[in-house]
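Hi there,

Here is the model I promised to pass along, with my notes below it. Have a look whenever you have a moment.

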Amino acid sequence: VAITTRLLVSHLSGIRHYEKDVTKVKEEKEKANKALKRCQDKEQKETEGKGIEKTDSVKLRKEHEGEVKSQNSKPGRRDKEFEQEEYYLKEKFESVIESLKIFKNDPLFFKPGDQFLYSTYGFTLLSAVVERVSGQKFADYMLKMFRDLDMQSTVLDDNEAMIYNRARCYVYNKKGRLVNAPYVDNSYKWAGGGFLSSVGDLLKFGNALLYSYQAGQFKNANSKLLPGYLKPDTVAMMWTPVPKTEVSWDRDGKYAMAWAVVEKKQQCGCCRQQRHYASHTGGAVGASSVLLILPEELDSEAVGTGLVAPPRGVIVSIICNMQSVSLNSTALKIAREFDKEKWA
C-alpha cells in the first residue's frame, strides 16, 4: 500500500493508535457511531416535530452535554484511553527514526484512505519524514520554528532538562483521590504529544495561523501588510474537512489536516447558526489542553477601506495539569461570549 503525508496528517493511514487489538477498536467505534446516531435522530425529530416546546429542545442538548461531561470529566473516572500501556513508556529514544520500532512491524488496521483512526504513531512517522527531508533532527527543526513564532516557552518535555515554571501533573487514582501523575518519557512521540507550552505561546501560535489565513483578503487594502508565516491557501487547506473523517470531541466537526474544523451552516431560518472554527484538544498523562480559533466573518467594506487588519477573531487556549478533562466545549463557550461581546 501507499501511505502519503496527507493521509498521515488526517489520520487516514491505517496505522494503529495505542490499542493493538483491531477488534476492540472496531467495537469502540461502533459504540461511538451508535451513540452519535441516536443523538442525531433526536435532533432530527426535534427539527421536524410540530409543536415541540423550546424547553424540550434545550433539555435534549443538555442531556447530551451531560453525557459527554460525565464520560470525560467526572473526577475519579479512569479513562479507558489511559489504560493503554504505551502511554507509560519510560524508554529514552535518541531519535524519531529509532522510535518507529514500536509500531513499524505491526499490521495496518485498514487500507490507507478507507477509514479514520486517530493515531499518535501516525504523527511519529510524519515527524520522521520531516527529519529526513529537512536533514535536521525533528526537535531542532521544531524549536527553530517556535523561535520564529516567538514561542519562547515551548520546549521538549525532556525529563532531564531544567525547565523554568514546569508544572506538576495530576491524575485521579482508582479511589478517586488526587495523586501525582506517573513518570513517563515522551521521546517516542515528540510530534504527537511531547512538547511543553504555555497559554501565551499557544495564543501566539493561533494568531500566526489566523493572520496567515486572513492575510490574503487584505492584500489589496494595505500593500505594507507583512506576509503570513504560511500562505493563506495552505491554512485554508489545513482547515478544510477531509472526507471519511470524524471528531470524537466535537460532534459538529470533521477532521481536516491536524485540526478539527466546523463549517459555517444554518439549516433553517431563526435556527442555530454554526460558525466556522478550528480546534484541537490534547490529552497526555496528567494533562489536558485545547486551542480553538474562531475567525471573524470579515466585512468586505471594512477590509477594502483598510480600517481593520488581521488577525481578526477570537482565540481560546486552555491548559490544565489534570488528566482526562474535556475542554473543547468550554473553549467554544468562551469564544462565543467574547465574539458576542465584540459585536454588541
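**Salt bridges and burial**

Arg-275 has a relative accessible area of 18%, so Arg-275 counts as buried; here buried means under 20% relative accessible area, exposed over 50%, and partly exposed in between, with a 1.4 Å probe and protein chains only. Its partner in a salt bridge is Glu-297, at 3.4 Å from N to O. The two connect distant parts of the chain, 22 residues apart: Arg-275 sits in the loop between strand 6 (260-262) and strand 7 (277-284), and Glu-297 in the loop between strand 8 (287-295) and helix 10 (300-305). Glu-297, at 38%, is partly exposed.

Before going further, please keep in mind that this is a predicted model: local features need pLDDT of at least 70, side-chain atom pairs count only at pLDDT 80 or more, and totals for chains, interfaces and linings use all residues. Numbering runs from 1 along each chain as its sequence is written, and side-chain values use heavy atoms, with hydrogens and water left out.

The structure holds 14 salt bridges, each defined as a side-chain nitrogen of Lys or Arg within 4 Å of a carboxyl oxygen of Asp or Glu. One of them joins the side chains of Lys-92 and Asp-158 (3.4 Å, N to O). Lys-92 is in the loop between helix 3 (54-73) and helix 4 (96-99), and Asp-158 is in the loop between strand 1 (155-156) and strand 2 (170-172), so this pair ties together parts that are 66 residues apart in sequence. Lys-92 is partly exposed at 32% relative accessibility, and Asp-158 is partly exposed at 21%.

Asp-148 and Lys-144 also form a salt bridge, at 3.2 Å from N to O. Both belong to helix 6 (residues 138-148), four residues apart, or about one turn of the helix. There is a network as well, in which salt bridges link Arg-16, Lys-20, Glu-86 and Asp-106.

**A buried serine and the whole chain**

Ser-212 lies in helix 8 (residues 199-218) and is buried, at 1% relative accessibility. Leaving out residues up to four places away in sequence, Ser-212 touches Gly-228, Tyr-229, Leu-230, Lys-231, Pro-232 and Val-235, where a contact means heavy atoms within 4.5 Å.

Overall, the protein chain has eleven helices and nine strands, taken as DSSP runs numbered from the N terminus (helices H or I, at least four residues; strands E, at least two). Of its 344 residues, 37% count as buried.

Happy to talk it through.

Best wishes
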